[in-house]
Structures are given as C-alpha cells and as structure tokens.
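Work through the exercises below with the model open. Try each task before reading its solution.

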Amino acid sequence: MQLLRVENLSVTYHSSSGPLSIVERLSLKMDEGEILGVIGESGSGKSVFALSIMGLLSTKMVMRADYLNLDGEDLMKMSAMDRAVYVASKAAIIFQEPQASLNPCFTVSSQLDETLSIHQGGTRKNRRVRALELLDSVGITKPEILLKLYPHQLSGGMNQRVAIAMALACKPRLLIADEPTTALDVTIQAQILELLVNLSQSEKAGLMLITHDFALLSENTDRIGVIYSGQLMEHAATENILNSPRHPYTRALLDSVPQLGDRHVKGSRLFALQGQIPAMDQLPVGCRLGPRCPKAEKQCVNKPELLSVENHGKVRCHLAKPSPTVKKPLEQEEQ
Amino acid sequence: MNNIPQFYQQRRIPSSAARWWKNFTDNKLATSALLLLSLIILIAIFSPFIAPYDPTLQSADYLLPPSWYEDGTSAHIFGTDALGRDLFSRLAHGAGLSLKLATFVVAIAASVGIFLGSLTALSNQFVDQITIRIMDLVLALPSLLLAVVIVAIIGPGLPNAIYAVAIVLIPHFVLVTRSAIKNEVNKEYVTAMILDGSGKIRLFCKSIFPNILPPLIVQLTLAFSTAILEIAALGFLGLGAQAPHPEWGTILSESHNNIVNAPWTVTLPGLAIFFTLLSINLVGDGLRDAMDLGN
Amino acid sequence: MHLLEAQNLSKCYNLRNYQFGKTARLEAIKNISFTLDAGQTLAIVGESGSGKSTLARQIIGIEAPTNGRVVFNGEELNYKNKKHRKLRFKNIRMIFQNPYESLNPQARVGSTLEEVLLINTQLSAKQRKRKIEETLTKVGLLPEHQYRYPYMFSGGQRQRIAIARAIILDPKIIIADEPLSALDVSIQAQILNLMQELQEQMKISYLFISHDLNVVEHIADNVMVMFHGEVVELGSIEHIYDDPQHPYTQALFASTPMYRRRFPDFAQPQFSKRKGVGEEGCCFAKRCQYCQSHCEQEAPPLLSDQNGHEIACFNVNSDQKQAS
C-alpha cells in the first residue's frame with residue numbers, strides 16, 4: 001500500500017529581498033516498508049523537504065503542494081491543527097545532532113515519558129514499561145540505568161539511540177532520518193544505520209534516509225532520489241542509480257568519491273564538478289546544473305522536466321532521452 | 001584550474017565598516033534616532049551661536065511660559081525660569097556641557113577599561129581572577145550610589161563628579177573586553193595566525209582587536225548614555241555641576257520647586273535628557289544588530 | 001634521513017575538576033612514533049577522541065609535548081627555541097578542518113596572506129603582491145579575490161584560501177586536519193584534486209588526518225590507525241588496505257559499507273563495553289571481539305613484522321611469532 005505520495009511540493013522562503021524557491025515541485029512516492037534514500041548537498045533543500053512533510057517549517061517558509069498524502073489521508077485538506085496531530089501520530093523525524101534534539105535539562109526518562117504520555121497515555125507504570133521496551137528495541141542493554149541519565153552524560157551514539165527511541169514512541173508509519181549518522185563516528189554510524197533499517201523492516205514502516213553520502217544508501221535503500229538546488233534530478237531504483245545513473249549530477253556525485261581500491265597514483269585525479277553550488281537567489285537559467293555540467297549543450301538553457309525513462313526511473317535532463325521514439329541520440333552516444 | 005566559472009564580480013568590495021553602515025541604515029528606527037542624535041549634537045556644538053541669550057543672564061521676566069502658551073512670547077521660545085533666565089539658551093548650553101562631559105567620561109573609562117580588560121584576558125589565571133573579583137565587587141554596588149560615595153569622599157564639584165562616573169563605568173568595559181577577547185583567542189583563525197609565526201602584539205592588533213570591536217562599540221554607546229544620566233543625576237543631587245552652570249541635572253534641581261506653577265521648567269530639561277538618552281540607546285541597538293549581521 | 005620524525009610523543013592534559021584540589025590527568029596521546037618522507041602522504045585515521053588532532057598540535061608546535069621529540073630534517077625542534085619555532089612555522093603549515101572558522105572574518109583575503117609573508121619573508125611590497133596573486137592562481141582562485149572578505153566565499157573557496165595560506169611559504173610539510181569533512185561531496189573532490197596537484201608540483205609531504213577511509217586510500221602512501229591516543233596499526237597503504245591485522249582496523253573497515261564488500265568476514269566492534277578492563281590493558285580491549293584475559297591486564301607493544309607493518313595486538317603478534 002502506498003504510504004506517502006507527494007505531488008509538486010514547493011517551499012518558498014520569504015527573505016528580505018523577495019521570495020526564494022527552496023524546493024521546487026518535488027514529487028515522490030513511498031510504499032509501506034520501503035526505504036527511500038534522498039541524497040543532496042548542503043543547501044539543496046533536502047532537509048527543508050523533510051521538514052515540510054512533517055509540517056515543521058519556520059514561519060518564513062511557505063509550503064504548497066498539489067497533493068500530500070500520508071498513510072491514506074490528504075494532509076493538504078486538513079486544518080493546521082488536525083494536520084499537526086495527524087502527522088505526529090503517523091510520522092517521526094530524527095535529526096543530525098542528537099545532542100541538539102534532546103533537551104539537556106531533563107533526564108532521558110522524563111523526556112521519553114512526556115512523549116509517551118502524549119502519544120499513548122496510560123498510567124505512569126505502563127509508560128515506564130513501554131519506555132524500557134523502546135530503549136531495549138534500539139539496542140540499549142541496560143535501559144534502567146540509562147533512564148536516569150541526562151543527555152550530556154551519554155555519548156553521541158547513545159543519544160542518537162535515545163532520539164530514535166523517542167521517534168518510535170508514536171509507532172510511526174513513516175520515519176524520516178535527516179543525516180542520522182553524520183555527527184557520529186564511523187564505527188557507530190554502521191550500527192545506527194543497521195538499527196534504523198532493522199526497525200523499519202520489523203515494523204513495516206517506511207524509512208526516508210536523507211544524506212549526502214552515497215555509501216550509506218548503497219546497501220540498504222530500495223530507491224534513491226537525487227536533489228540538487230531544490231529540484232529532484234533523478235529518482236529511480238537503487239541499483240539503477242548506482243550502476244547506470246542517467247543524470248550527469250548523479251554520475252558526478254558517484255565519481256567524485258574515491259572508488260574501492262583507488263590508490264594514490266601520480267597524476268591521477270578524481271572527477272570533480274567544477275564551480276560552486278549556486279546560491280538560491282542566483283540560480284542559473286534553464287537547467288540548474290547547467291554551468292557546472294560537463295555535458296551541457298545548447299538546449300540546456302531551457303528548463304528540463306522530470307520525465308520517465310524506460311527501465312530506469314525519472315530523470316530531469318535533456319540528454320536522458322525519455323520516450324522510446326527518440327532513442328537515436330543515446331545510441332549515438334554509445335558509439 | 002583557471003576555468004572555474006566565476007560569480008558576478010563586484011566593482012568595489014565594501015569594507016566591514018561600510019557593510020555595517022549599510023545594515024545600520026536599513027534599520028529605519030535606528031536611522032531616525034541617529035538623525036535626532038546628530039541634531040542634538042549640532043545644537044550642542046553650535047549652542048553659543050544658536051542661543052539667543054547668555055544662559056546665566058537674569059532678567060525681570062521670570063517664569064515666563066513657552067511661546068506656545070497664551071501668554072508666552074516669541075522672544076523666549078521655551079520660556080524663562082524663576083530667575084528670568086532664557087530656558088532655551090540654558091538647555092542648548094546644557095546639551096553642549098552634557099555631551100562634552102559624557103565624551104570625556106567615556107573616553108577615560110573606555111581607555112582604562114579596554115586596556116585593563118585586554119591585560120586581564122591575556123594574563124594568567126591568577127591576575128585574571130583577582131581583577132574579575134574586584135570588578136564584580138564594584139559592580140555589586142548600584143552605580144549611582146557608588147558615584148555618590150566617591151563624590152562624598154573626594155568632595156563635590158564637576159571635576160570630581162566626572163572622575164566618579166568614569167570609575168563607575170570602567171568595570172563594564174573591563175568585563176566586556178575581557179569576555180570578548182576570551183571568546184576570540186580560542187577561535188581557529190587566531191591559532192592559524194599564531195602558526196603564521198605572528199608575535200603577540202601583531203596578533204592582538206590584526207586578529208583579535210578588529211573582531212572584538214563590535215561589542216566594544218555597543219558598550220561605548222551604552223556607557224555614553226549612562227554617563228549623561230549619571231552626570232545629570234549628580235548635578236540634580238547637587239554633587240556635580242554647581243548652581244549657575246546650565247547643566248541639565250542642575251537645571252532640573254533648581255526648578256523642581258516650581259513644578260506646579262511652572263511645569264515647563266521641569267518638563268523641558270527632562271524631555272531633553274529623555275530624547276538624548278533614547279536616541280543614543282536606539283543607535284546603540286541599531287549598531288548591535290548591524291554588526292551582528294555582518295558576521 | 002627522514003623529513004619529519006616523531007619520537008615517542010606523549011601529551012598529558014591536567015583537567016581541572018572544580019572540586020578543590022582534585023585534578024584529573026588525561027593522556028591524550030601515548031608514545032607515538034612515526035616518520036614522514038619528502039613528497040609522501042601519511043594518513044592518520046581514527047575516531048573522534050582518538051588523539052589525531054592532539055598529535056597534530058604537538059607536531060605543528062602549538063603545544064609542547066609532555067614527552068618525546070619532533071625531528072625535522074635531522075634537527076630536533078625545541079618548543080621554546082625561537083629559531084626552531086620560526087623554522088617550524090615556515091616549513092610545517094596547517095590546513096584546518098572548518099574553513100568557516102580558520103579565516104579572520106575582519107581581514108581581506110589579501111591581507112591575511114600578506115601577513116604571512118610579512119612575518120616570514122623579506123619580500124618587498126611588490127614582490128609580496130606578486131606572490132599572493134601567484135598563490136591564489138595556483139589554488140584555483142583569481143588574483144582579484146585578494147580584495148574580498150572571507151564571508152563572500154563558499155566553503156570550498158574558503159578551503160582554497162586556507163590552502164593558499166598554507167602553501168604561500170613553500171613549506172615542506174602540510175598538516176591537514178580533516179580538510180574535507182566540512183565540505184560538500186562535489187567540492188571535496190575538487191579540494192582533494194587540488195591537494196594532490198600541489199603535492200606533485202611542490203613536493204609537499206602531507207600529514208593527512210581523516211576518518212574517511214575512501215579518501216585515505218586515494219591519497220595516502222602510509223597509514224597510521226589510532227585508537228584512544230595510541231597507535232594500533234601503522235604501515236603502507238598496501239599493508240593496511242589489503243591486509244589489515246588489528247581488530248580495530250578491521251572493525252573500521254567492517255563499519256564502512258564500501259569496504260564491507262572487500263572484507264566480508266571482519267567483525268564490527270562490540271557495542272557494549274566490556275567491564276573490568278583497567279588502564280593498564282590494551283586500549284581496544286573494551287570493545288574487541290577477540291579480547292582474551294591477558295589483553296585486559298597488559299598493553300600489547302607496537303611490533304613490526306619483517307615488512308615494516310607495525311601492529312599492537314597480542315593475538316596477531318603471537319601468531320606471527322609462531323609462524324616464523
């Protein structure tokens with residue numbers, strides 16, 4: 001069953017010098033139990049996208065969407081209050097900095113308890129039992145001790161586990177993890193990622209993994225969406241993206257990370273996209289990647305649309321030919 | 001590597017100060033406050049030429065109401081006080097006196113305070129702690145009370161009042177400077193400059209000082225308004241400027257007996273103090289915002 | 001003769017506890033030795049808190065090590081000696097992790113660079129200007145960028161400025177403390193390429209501190225793996241990346257998705273810490289899957305096999321002894 005369907009979601013930021021489009025007409029679908037990877041660089045709007053689904057945007061940002069369906073209900077038709085309550089019961093978000101998402105003034109137990117009392121109520125005893133269960137499910141071996149501690153007494157990995165436990169308190173159908181492992185050490189990263197994947201599998205909940213690192217997505221995700229400068233550039237199954245990316249940006253992202261066994265050789269260089277990510281108020285005409293794109297052509301000054309490519313997925317590029325009738329240029333390229 | 005696409009080239013790169021100025025002028029309230037303040041400063045500077053009468057010249061027209069009253073005259077726009085002195089002339093001269101004294105006070109307090117603050121921040125734990133405790137001790141007493149105590153010890157009079165207010169203001173400068181520097185020295189660019197082989201003095205002048213300037217400038221404006229207020233307060237209490245001097249506090253204290261039958265003699269100097277302080281504080285707030293954005 | 005040699009470097013910090021009279025001692029790095037040759041890259045790999053940055057601070061000379069020596073070009077660098085300091089600051093330069101913090105926000109780029117020349121060289125104003133423009137071009141910026149303030153640049157460009165500042169004195173060694181981790185993926189590749197290009201042009205040696213195993217494999221000649229302030233494994237890139245021996249190194253690889261394919265058998269570290277391991281035991285004993293009783297009581301020495309691959313682990317070292 002479909003869990004999340006987003007049609008043409010746009011977010012506009014009203015700055016002092018006029019409105020800026022941060023996310024532009026983004027469309028995505030997620031099924032139950034699916035793990036979707038969203039990849040993008042800083043400032044690409046990937047976090048804003050996640051916040052807009054959760055309804056957590058700042059007041060200076062305005063979200064519009066043709067259709068935003070979460071677990072069978074259209075959020076756009078709800079009032080703000082109903083929406084907040086509904087989203088809180090269906091979805092949860094985990095942030096990059098676990099220390100920042102926990103309140104330093106309260107113990108783990110009181111924070112978990114508060115979340116639980118909002119979501120399921122019950123007596124204090126019941127809530128405590130549930131809290132212990134939750135902590136146990138995120139792989140904490142001695143939850144009784146941990147409950148009495150404050151966030152600053154825990155390591156980053158532990159804090160992130162507590163944050164995940166809090167997110168799980170509402171039994172979410174959709175779990176959004178915004179760079180959940182970026183602030184953690186390498187050895188902890190793998191554990192947290194594994195935990196998230198296992199939890200979403202066992203609960204049949206959707207997991208949206210937002211990151212800037214392809215390596216995190218390669219093993220676990222079903223599909224990947226690539227966001228650049230507020231637009232979805234490519235959206236396809238993970239193996240398609242990794243093995244035969246159709247968008248030059250995806251290709252560049254994959255190539256700019258050293259590959260396995262890529263040793264130091266004199267004169268060897270990584271592929272690097274030139275230039276900078278454009279500022280939101282200085283977007284280029286036409287394709288947003290245009291000025292940096294190694295394959296840019298004349299037609300790239302026109303805005304490309306996100307179109308389906310056969311046996312692949314959706315790509316926003318003039319060079320990835322969508323319909324089967326215009327297959328010629330692809331063949332030419334191959335020659 | 002030279003074919004990197006460049007973004008739009010500005011012809012002239014504005015300096016930090018220019019950027020602050022632009023941010024400041026974007027703030028309408030602060031800009032109008034600055035205009036008001038400049039007007040007051042202009043009046044203060046040109047008071048000998050603007051004032052129609054000598055501020056101490058007495059006349060028979062005592063307690064003449066301001067010109068907008070029915071029986072007021074245009075010869076004395078703000079009216080006269082109990083001794084028949086022209087109030088406008090007195091206030092204009094008082095503006096000159098107040099601003100001059102405040103500038104002097106702030107100059108003393110700032111130079112001593114910033115010097116001491118830098119010294120404490122860069123010296124060892126022991127010196128630092130001792131200085132901070134002394135400053136805390138001074139700050140623990142209400143500033144006006146302290147000024148009164150100091151004047152009581154060294155005797156009333158304008159010069160002594162100035163020293164008293166300056167002493168009261170020094171701890172603020174010390175603390176602001178110290179905390180700003182303590183913040184700065186741990187920043188990576190300071191480390192980077194040490195690694196460039198820079199000596200201590202160069203490090204302070206080039207790297208630390210420009211970056212602690214914003215809080216210091218804000219502190220300067222705050223100190224300026226405090227100085228004006230305290231000098232006026234001491235004048236009002238008869239501990240600062242003495243009777244014939246056209247000092248705002250002194251004018252107030254001379255005329256507060258007449259508050260019922262000649263309210264303008266009290267209201268007008270009060271308003272002068274109020275607007276001066278208001279404009280200075282608004283400018284200070286505007287500066288703070290402007291410089292925070294710059295970073 | 002090696003270009004740079006660190007001999008038994010240790011650093012202890014006295015931590016103030018704000019309880020009267022009580023101070024704790026933190027041994028940030030313990031007994032670290034390594035060598036670096038001209039034009040080579042030594043990568044230091046480890047988690048946060050493993051003492052990588054502390055080690056960098058001892059080498060660059062911001063702090064004096066508690067113990068041990070830093071030898072540059074055959075000459076021991078004394079922390080206090082003014083001449084040594086000058087020599088050190090001129091020949092060993094540093095690139096910081098966060099390009100948003102390592103540049104003075106109130107100084108134009110040109111004046112930041114000019115300071116470096118003013119302090120360390122005798123160049124005239126004209127020569128300085130030429131050198132600044134040359135250096136900016138070398139790192140892929142334009143000469144007119146010298147008139148700008150740091151806030152006008154993006155992260156990648158700021159890191160280029162930081163690199164310009166490091167290379168402007170034609171140093172022998174550059175210490176790069178996580179130079180990529182604050183940058184975006186597509187920008188990381190640019191900076192990495194630039195660093196390699198400069199190395200080949202100017203024969204600079206890098207001490208490259210990173211937690212990113214792919215990047216290290218791409219740039220390094222030798223790798224030093226650190227854990228809790230100690231070196232657990234040290235060897236050439238082939239030693240470490242083809243045949244990692246120490247359980248911690250193996251755990252690192254097992255935690256990185258890309259390398260899990262190459263080393264499918266390696267165990268991840270234990271999440272829960274083992275109890276009752278004292279200070280005197282192996283630094284990794286608390287998390288090690290292969291920990292035995294003597295690992296908890298005694299720290300294994302860093303021993304080198306015949307190929308110069310150094311490992312600090314009882315299990316590995318005893319195996320080798322038996323084999324030989």
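Predicted model: local features only at pLDDT ≥ 70, side-chain atom pairs only at ≥ 80, totals over all residues.

Residues are numbered from 1 along each chain as its sequence is written, while chains are lettered from A and ligands numbered from 1 in the order in which they are written.

**Exercise 1. Confidence in chain B**

Task: find which elements of chain B have the lowest and the highest mean pLDDT.

Solution. Start with the scale: pLDDT is the predictor's confidence in each residue, from 0 to 100. Chain B averages 84. At least 70 is reached by 95% of its residues. Helices (H or I, at least four residues) and strands (E, at least two) are DSSP runs, numbered from the N terminus. Helix α1 (residues 16-26) of chain B has the lowest mean, 84. Helix α2 (residues 28-45) of chain B has the highest, 92.

**Exercise 2. Annotated spans of chain B**

Task: locate the UniProt "transmembrane region" features of chain B and describe residues 216-241 and 261-283 of chain B.

Solution. The unreviewed UniProt entry places these features at residues 29-51, 101-122, 134-155, 161-181, 216-241 and 261-283 of chain B. UniProt positions are in the numbering used here, feature names are shortened, and annotations may be inferred rather than shown by experiment. Now take the two spans. Residues 216-241 of chain B are 81% helix and 0% strand, with end C-alpha atoms 29 Å apart. Residues 261-283 of chain B are 87% helix and 0% strand, and their end C-alpha atoms are 36 Å apart. The same record puts "domain: ABC transmembrane type-1" at residues 95-284 of chain B. That span is 83% helix and 0% strand; its end C-alpha atoms lie 19 Å apart.

**Exercise 3. A sheet in chain C**

Task: trace the strand order of the eight-stranded open sheet in chain C.

Solution. Two strands pair if DSSP finds at least two bridges between them. The order is β6-β7-β8-β3-β9-β10-β12-β11 (chain C), with mixed pairing. At the edges, β6 (92-95) and β11 (303-304) of chain C each pair on one side only. β11(C) pairs with β12 (residues 310-311) of chain C in the antiparallel sense, over two bridges. S304(C) has E310(C) in β12(C) as its bridge partner.

**Exercise 4. Where chain A touches chain C**

Task: how many residues does each chain give to the contact?

Solution. Two residues are in contact if their C-beta atoms, placed from the backbone, lie within 7 Å. Chain A gives 33 residues and chain C gives 35. On the chain A side, α8 (186-203), α9 (214-220) and α11 (248-255) of chain A each supply two or more. α8(A) gives the most, with five residues.
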